[in-house]
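Subject: Structure handover

Hello,

Here is the structure I promised to pass on.

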Amino acid sequence: MAAAAGSAQAQAAPPAEGPMLTQPAVLGMLALLLVIVLGAATVLVSRVASLIRGSQKPTLTEELEHFDETVTNLTPSQLDTIVARHQARHFELSGAELGSTNPALDPQGLVQQVAVDVHSPWFHEKRRTAPFTDLDPQLTRLVSAFLLCAAGWLVLGTTVGWYVGVKFVSPDLDHVAALSFGRLRPVHTNMVFWGWTSLAMIGLGYFVVPRTNNIPIYSLRIGWWSLGLINASVILGSACLMAGINNGGGEYREYIWPVMLLFAVGIVLTLINFYQTIARRTTEEFYISNWYIMAATIWGIVLTVIGYLPFYQNGMGETITQGYYMHMGVGMWFMTFTLGLMYYFLPMSLNKPIYSYSLGVLAFWTQLLFYTMIGTHHFIFSPLPWWLQTVAIVFSVGMVIPVLAGTINFLMTFRGSRKRVGDSYSLPFLLIGVLFYFTGSFQGSLQAFRYTNLVWHFTDFNVAHSHLTMYGIVAFMLWGCIYTLVPRLRGREPRQGLVGVHFWFALIGLLGYSMALMIGGTLKGQSWMEGEPFLKSVVLMAPYWLWRAIGGTFMLLAHFVFLYNLADMLLGKVAPATPVITPEPQVQAHEILESV
């Protein structure tokens, strides 16, 4: 027995302490933060370069590149327009070329784009997108409803989160039980998880699944039912939490089971709809986006069932279940679904295929393999079996494989598209999402090591990490997908200045929020390791909580701008396109192109 006790003490003993900067995991974390800063700087430089480039006369090489890209993507009607312009041998100014009450007349092809909504000259005009002409209006309404509800929950949920953050700076802000930190914090997390993120993913999935399978969605009625059930679960769940009715201490599963059952039924209906659509597909290939979307939907149902079945959740069994549910919810529901959307909307935004289908398949299967066993890394040095903790650390390191495969695939797809990123308002969101995908996921692997876990776990550093992943990866990718799709749904572009405000406020707010909590969390962890009074760690966090509130304010303002942009695109009046009158073609298009 003495030997067994000695063995247990040896297992529970923390690793030897040493200077933090000598730890490989800490050095790796600093390198990851540098990647994020450099990525943001790259986007900023690209924006400034686009602005300067827009004010300069293009070189002959740039004109040729633009011509090649234009010809490659011409439709038959656009070819006819080129032919008509080529045949216009005689040209005289009529007074309608530069502006009048009449449609623009341009027989010589001098006008490349007619702008009717001119913004500040300080903004480099972005590339316009052509709306889809073959969409079912009923499906457009369903997708729009999902996205508008999601954006509404985003604003409401992050307003609650902002108020909770302000309470760290001013804890005596109110004395109302329903507005206490213990009740509002789960309202915030569950609202942005099940309201904003889940609805946004499913709404985009209702576009991707029928589009990639070349068949209408199986049942629009089922889609509306799933939307209603998920919204009902968030409304009832939030009301219960504020009233003090909850599921106990399980993080992200604070909703009581009848409320979460509504959400689970909504996901089951979504799975049925997607599965029946794919089963009836008219294409032989099964595009990889469907792999990710179907797997995430199945895992979402599995996780809900595992997280709420009561008969094995006693003592340490509940702790293991909590780690599994919490981490799998993030990785196998939110992350997997969002990556599936990326494999569709990133190629759409760049107008090029994904770099490697094989890398996507590798990332898919290795994510399913490694992510299933990493939840216990949240309970290092706990009474859980030492071998289970070690397995969680090993599988956390294994997550480097799918993360590298996905990151390389996305960045190689971006390769050669620097100018296109500067000309787009959706691609910067997708690019930053990819950078956070690499850094945030890699950071999670480094935090799983025993030394870094000892320093950072249960501190504010973990709050920063969760925002780098759920916000930096998932939210930025979803915003990029939404800005890619929505203008094509109704042919109404967002105001590019407001899209820029959304992007920079969200990015700057997230960086300020996360870096402040990382620094403060590190100091708090060191204070605990040195055996200092707990109150001292609370006092030293005060300035970092202030920066948390400031960063959160920027993020919240960005969400209000996003809601306005989305509502303006989906609900605003679509202005008729300004026509450019050209003569009728007299010869075939291919003859003109051959002569060119």
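Below is what turned up, from the whole chain down to single residues.

**Overall**

Please keep in mind that this is a predicted model. The protein has 596 residues, and 50% of them count as buried. Its secondary structure consists of 21 helices and two strands. The accessible surface comes to about 27300 Å². Carbon and sulfur atoms account for 67% of that surface. Contacts reach across the sequence: among those between residues at least 6 apart, 83% join residues at least 24 apart.

**Aromatic pairs**

There are 42 aromatic pairs in the structure. One of them is W194 with F263. The two rings are tilted, with 5.0 Å from centre to centre and 55° between the planes. This pair links distant parts of the chain. W194 belongs to helix α6 (residues 181-213), and F263 to helix α8 (residues 257-279).

A second pair to look at is W196 with W479. It is also tilted: the centres are 6.3 Å apart and the planes make an angle of 35°. W196 lies in helix α6 and W479 in helix α17 (residues 460-490), so the pair ties together parts of the chain 283 residues apart. W196 has a relative accessible area of 3%, which puts it under the 20% cut-off for buried. W479 is buried as well, at 0% relative accessibility.

The charged end of R253 sits over the ring of Y325, 5.9 Å from its centre.

**Cavities**

The structure holds four cavities of 30 Å³ or more. The largest cavity has about 120 Å³ of space. Its lining is made up of 14 residues. Nearest its centre are W194, L303, Y325, G329 and W333. So two residues from the section above come back here: W194, from the tilted pair with F263, and Y325, whose ring has R253 over it.

Which elements give two or more residues to this lining? They are α6, α8, α9 (288-308) and α10 (316-350). The largest share comes from α10, with six residues.

**S233**

S233 is in helix α7 (residues 220-242). Its relative accessible area is 1%, so it counts as buried. Leaving aside residues up to four places away in sequence, S233 touches Y255, V259, L262 and F263. F263 is the partner of W194 in the tilted pair.

**V169**

V169 is in helix α5 (residues 137-169). It counts as partly exposed, at 41% relative accessibility. Beyond residues up to four places away in sequence, V169 touches W545, L546 and A549. A542 is worth a check as well: its C-alpha is 6.9 Å from that of V169, although the two are 373 residues apart in sequence.

**Backbone**

Most residues other than glycine have a negative phi. Two asparagines with a positive phi are listed here.

- N214 has a phi of about 55°. It is in the loop between α6 and α7. With a relative accessible area of 53%, N214 is exposed.
- N351 has a phi of about 60°. It is in the loop between α10 and α11 (357-370). At 42% relative accessibility, N351 counts as partly exposed.

**Where to start**

I would open the view on W194. It pairs with F263, and it is among the residues nearest the centre of the largest cavity.

Best wishes

Notes. Residues numbered from 1 in each chain as written. Predicted model: local features only at pLDDT ≥ 70, side-chain atom pairs only at ≥ 80, totals over all residues. Heavy atoms only, no water. Helix = DSSP H or I, 4+ residues; strand = E, 2+ residues; numbered from the N terminus. Buried < 20%, exposed > 50% of the residue type's maximum accessible area, 1.4 Å probe, protein only. Contact = heavy atoms within 4.5 Å. Phe/Tyr/Trp six-rings, centres within 6.5 Å; stacked < 30°, edge-to-face > 60°. Lys NZ or Arg CZ within 6 Å of the ring centre and 35° of its normal. Areas by Shrake-Rupley, 256 points an atom, 1.4 Å probe, with all protein chains shown as cover. 1 Å grid on protein atoms, 1.4 Å probe; cavity = no way out; pocket = protein on both sides within 12 Å on 5 of 7 lines; lining within 4 Å. Points joined across faces, edges and corners; volume = space filled by probe spheres on them.
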